[in-house]
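User: Hi! I'm new to this one and would like a friendly walk through it. Could you start once it's on screen?

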Amino acid sequence: MPTTPARPALPVLQADCANCFALCCVALPFAKSNDFAVNKAAGTPCKNLREDFRCGIHTRLRDKGFQGCTVFDCFGAGQQVSQTTFGGRDWRTHPDTATAMYEVFPVMRQLHELLFYITGALALPAAAPLHADLRSAQAETARWTTAEAGALTGLDVGALRGRVNTLLLGASELARAKAPARKKNHRGADLMGARLAGADLRGANLRGAYLIAADLSGADLRLADLIGADFRDADLRGADLRGALFLTQPQLGAARGDAATKIPPTLVRPAHWTA
């Protein structure tokens, strides 16, 4: 009898800095701003990076003006590139790997982010009609995470994102179908500084919405679609985010919350939130 091909194992979707060669501190650029104290070019090690690939100011990043570092999450792409794609060869002792490693890392991060969202969609009972297609997309994306560096740099990740996004949109629609605020479509809306305290946003579409410094204190965001929503400095004190769709740890880290903010059990309450 013919055998069914084994489904590729999913990579870990949480950062494991101990098994990464500090790729986010080297490969990515950043500009002097409220998020970063200095300018840094792509491919240049951060001035705070130590020889052991650890951050020299890790416990003082916010105090030193590197808030952007505290909210970044590679979704586990760093250790995947370091240990799988390049087999444990770091860019310091094997400088010939550096350029390719820096090019692969952003691609891998997108793949891991897609896997994070697909995993979230598969956890939605209402999205059951799409689960077969989601699992196929998950398997395809997982296979790419084990590809060689040359194949990854040539991958049209935008096309893959487009196909996956169609499925995620469908899953979102199914999950939000009976939510009270499902007809509130704020996709990509400019809601910077908006006064939404106590708002009923259950099932609202907030994909890609600019919620910078918005007042969402006490708001009900259960089942709201939050893919790509910008929560920088948003007030989430007392807000209810349980069951919010596609909410990520970086989004929480960029916002302000407190002990009364309700978050999904799969995420961690940021250390800088008030008691």
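**Cysteines and salt bridges**

Analyst: Happy to! The closest cysteine sulfur to that of Cys46 is in Cys69, 6.2 Å away, which is too far for a bond. A disulfide is a pair of cysteine sulfur atoms within 2.5 Å. This is a predicted model, where local features need pLDDT of at least 70 and side-chain atom pairs count only at pLDDT 80 or more, while totals for chains, interfaces and linings use all residues. Residues are numbered from 1 along each chain as its sequence is written, and side-chain values use heavy atoms, with hydrogens and water left out.

User: Where do Arg109 and Glu113 sit?

Analyst: They are in helix 4 (residues 98–122), four residues apart, so about one helical turn separates them. Helices (H or I, at least four residues) are DSSP runs, numbered from the N terminus. Both Arg109 and Glu113 are buried.

User: Nice. What about Arg207 and Asp225?

Analyst: Their side chains form a salt bridge too, at 2.7 Å from N to O. Arg207 and Asp225 both lie in the loop between helix 7 (157–176) and helix 8 (249–254), so the pair ties together parts that are 18 residues apart in sequence.

User: How buried are Arg207 and Asp225?

Analyst: Arg207 is buried with a relative accessible area of 4%, and Asp225 is buried at 0% relative accessibility.

User: One more pair: how do Asp220 and Arg222 meet?

Analyst: The side chains of Asp220 and Arg222 meet in a salt bridge of 2.6 Å, N to O. Asp220 is buried, with a relative accessible area of 14%, whereas Arg222 is partly exposed at 30% relative accessibility.

User: Which residues are in the network with them?

Analyst: Through salt bridges that share partners, Asp200, Arg202, Asp220, Arg222, Asp240 and Arg242 are joined into one network.

Definitions and conventions
Helix = DSSP H or I, 4+ residues; strand = E, 2+ residues; numbered from the N terminus. Buried < 20%, exposed > 50% of the residue type's maximum accessible area, 1.4 Å probe, protein only. Salt bridge = Lys/Arg side-chain N within 4 Å of Asp/Glu carboxyl O.
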